[in-house]
Amino acid sequence: MKWGMAVDLDRCDGCSACVTACHAENNISTVGADQASRGRAKHWIRVERYWEGEFPDVRLKFRPVMCQHCENAPCEPVCPTYASHHTEDGLNAQVYNRCIGTRYCANACPYNVRFFDFFNPSWDKPLQLQLNPDVSLREVGVMEKCTFCVQRIKATTIQAKAEDRPVADGEIKPACAQACPAQALVFGDLDDPESAVSRLSRSSRGSKLLEDRGTKPAVTYLSRQS
Amino acid sequence: MTPSHSQINSDLLRPLLRTSWKFYVVVTIFLAIVVAALVSWLSQMFYGFGISGIRWPVYWGFYVTSFVFWIGISHAGTLISAILRLVDAGWRRPVTRCAEVITVFALMIGAMFPIIHLGRPWLAFWLFPYPSERLIWPNFRSPLVWDFFAINTYLTGSLLFLFLPMIPDFAVVRDKSTGLRRRIYTLLALGWRGTPKQWHRLESAMAIMAIAIVPVAVSVHTIVSFDFSMAPVPMWQSTIFGPYFVAGAIFSGIAGLLIAMAVLRRVLHLEQYLHPIHFENLGKLLLVMALLWGYFVFNERLVTYYGNEPSEMAVFWRTQRESFAPLYWTMVIGNFVLPLVLMGIKRFRTITGCVIASLGVVVGMWLERFLIIVPSLGHKYLPYSYGIYRPQPVEIIIAGATFAAMTLLYVLFVKIVPIISIWELKAGDHQPPDGSHPIAKKQSLREVEG
């Protein structure tokens with residue numbers, strides 16, 4: 001198993017359903033407009049907007065960016081307490097209870113996809129009523145980031161093991177992929193050459209974000225053709 | 001005019017034996033500032049880290065700047081003391097202890113910051129390698145864990161290095177005092193009687209420490225530089241950072257020492273012991289280090305410019321002529337232009353000149369560390385995630401209070417230990433360093449016993 005994702009930029013129209021779904025699934029606390037303007041918003045997945053050209057000939061480009069679950073993750077060696085470490089199935093895991101909050105991992109991350117909890121979590125009412133019981137809350141002073149919805153991965157693999165069968169391709173969907181109306185996000189096992197994500201990752205349109213940093217991300221972006 | 005031995009005793013022991021009301025005023029003022037910083041830190045823990053200006057993506061700011069700055073200042077003691085001892089430079093004698101004390105206190109202050117800046121400082125002990133119920137060791141690949149070992153080694157070494165030559169002086173105080181003070185100094189003097197055997201052991205111990213402390217000091221600031229150069233951040237991943245940081249550390253250390261010496265000379269009336277020649281010699285060292293610093297910056301900048309890597313060039317121009325340019329050029333003036341002019345021209349190499357140049361260097365070196373950390377973090381690869389850091393009161397108070405903490409510790413130290421090594425001064429017979437008085441070491445040491 002090596003979990004990975006393919007993002008088809010041709011299909012992404014920047015609707016941000018993935019961002020909302022991620023917040024709901026992963027109990028990401030909201031910080032309010034004031035703190036958000038001070039750079040304290042936590043978006044495990046974000047839709048980056050880039051404009052090309054000069055007005056009025058502008059072209060808008062969207063790029064959903066989440067933790068790239070790098071094979072050579074720069075965040076992992078720098079963590080003094082192994083809070084950031086690699087799992088056997090290729091996930092870049094963050095163990096909240098080990099984190100002491102040096103924030104070194106976030107500095108080392110070229111993608112800036114790691115978020116620090118500046119305050120204890122709180123939600124605007126009535127959002128506190130929809131917390132996901134499968135995901136732990138993070139207290140002030142720790143780092144958090146995209147987990148590829150590890151709670152869903154674990155639930156499905158345990159279920160499949162109990163039923164003594166392999167996990168089917170497409171059986172696991174992180175919240176972002178599930179919510180994407182255009183199905184721009186495809187998740188699956190990169191070790192299985194026939195899986196949808198493997199086929200998409202091999203596409204000639206495919207490239208990695210900041211590939212020259214040598215981080216070997218598990219996320220492949222398929223470039224826009226239209 | 002050379003002071004007699006009894007005059008040396010009375011001059012240098014005066015601050016220990018007599019306390020004026022001014023001492024209490026000074027201690028109260030600086031203690032209040034340190035307490036304010038402590039309250040700030042506690043409120044940061046109470047209300048959440050968000051009351052600081054740290055933000056996504058600039059996750060390190062004033063705290064890490066202060067950390068690197070103070071660890072840098074701590075290099076004063078090593079260079080002056082260890083190296084000057086090893087080459088047996090006679091003029092070092094009244095200067096060594098001032099320098100060694102700076103090392104110990106600056107290290108203690110600097111070593112606070114890796115804890116202050118933690119999100120969960122109450123778990124800082126997880127950096128200790130101890131067999132824990134969590135069944136994991138610290139990650140020995142992390143430069144922060146290297147920091148932990150390097151700084152602890154250096155702190156232990158420099159404490160020993162400071163303490164060893166204090167033993168004979170503690171004995172002098174012991175012999176001159178009565179009551180509780182006598183009992184305390186009896187303990188501190190560790191049974192010093194000044195026998196030839198004891199002198200011999202002290203000398204060997206100090207020789208060992210002087211040699212051992214130099215590589216430790218070099219390694220400490222190299223490892224501090226590794227905190228940056230090991231992370232793939234534009235302008236951080238640089239092979240020059242090790243020596244660049246060590247040179248900068250020694251540079252700021254000398255500046256700190258010069259300021260401390262000038263203040264001590266005036267406040268404690270040590271005009272007979274700290275001569276203009278001491279300032280001039282250290283001023284020349286400051287000049288050398290300013291040139292070395294300029295050389296490193298020139299190297300770093302020019303190589304980056306020719307490398308022309310887009311993400312690095314973004315940070316490069318940001319410091320060179322965009323938003324951080326005022327700070328950058330202040331740094332260049334403080335670290336290079338000012339010391340070059342003031343220390344390069346003999347007429348300006350006076351005590352006042354040294355102090356002005358040193359103040360410039362202290363400001364410049366603080367800015368240097370800030371300019372290494374913040375512009376790079378706010379300008380990493382993806383333009384979407386650029387960010388601006390604005391320090392908040394809590395950080396400004398804590399960073400500013402470190403200077404008060406340094407002064408406070410220094411004032412208290414001067415109260416309990418003679419700030420100029422009495423026995424070393426006597427052993428050198430306090431001759432001006434013109435090289436015409438080769439001292440038979442053993443003989444002069446024996447004289448001190450009498």
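Visitor: Where does T20(A) lie?
Guide: In this predicted model, T20(A) sits in helix α1 of chain A, residues 17-25.

Visitor: Why does T20(A) count as partly exposed?
Guide: Count its C-beta neighbours. T20(A) has 14 inside 10 Å. Buried needs 20 or more, and exposed needs 12 or fewer. The value 14 falls in between, so T20(A) is partly exposed.

Visitor: What separates T20(A) from L60(A)?
Guide: Along the chain, 40 residues.

Visitor: What makes β2(A) and β3(A) a pair?
Guide: Pairing takes at least two bridges. Seven bridges join β2 (residues 46-52) to β3 (residues 59-65) in chain A, so the two strands pair. They run antiparallel. R49(A) has F62(A) in β3(A) as its bridge partner.

Visitor: What do β2(A) and β3(A) form, and what marks the turn?
Guide: They form a hairpin, with six residues between the strands. In the turn, G53(A) has a positive phi of about 85 degrees.

Visitor: How do you know that β9(A) pairs with β10(A)?
Guide: Two bridges join β9(A) to β10(A), residues 219-222. The cut-off is at least two, so the pair qualifies. These strands are antiparallel, and S207(A) stands opposite Y221(A).

Visitor: In what order do the strands of that open sheet come?
Guide: The order is β8-β1-β10-β9 in chain A, four strands with mixed pairing.

Visitor: Why are β8(A) and β9(A) at the edges?
Guide: Each has a single partner strand, so one side of β8 (185-189) and of β9 (206-207) has no neighbour in the sheet.

Visitor: How do you know that the span of α3(B) agrees with its length?
Guide: Helix α3 of chain B covers residues 62-73, which is 12 residues. At 1.5 Å a residue, it should span 16 Å. Its end C-alpha atoms are 16 Å apart, so the two agree.

Visitor: Why is α3(B) called mostly covered?
Guide: A residue is buried at 20 or more C-beta neighbours within 10 Å. In α3(B), 12 of 12 residues are buried. Among them are F62(B), W70(B) and G72(B). The cover includes α4, α5, α9, α10, α14 and α15 of chain B.

Visitor: How many residues of chain A are in contact with chain B?
Guide: The contact involves 33 residues of chain A and 34 of chain B. On the chain A side, α4(A) gives the most, with four residues. That side divides into 19 nonpolar, nine polar and five charged residues.

Note on methods. Residues are numbered from 1 along each chain as its sequence is written. Chains are lettered from A and ligands numbered from 1 in the order in which they are written. This is a predicted model: local features need pLDDT of at least 70, side-chain atom pairs count only at pLDDT 80 or more; totals for chains, interfaces and linings use all residues. The expected span of a helix is 1.5 Å times one less than its number of residues. Two residues are in contact if their C-beta atoms, placed from the backbone, lie within 7 Å. Ala, Val, Leu, Ile, Met, Phe, Trp, Tyr, Cys and Pro count as nonpolar, Asp, Glu, Lys and Arg as charged, and the others, Gly among them, as polar.
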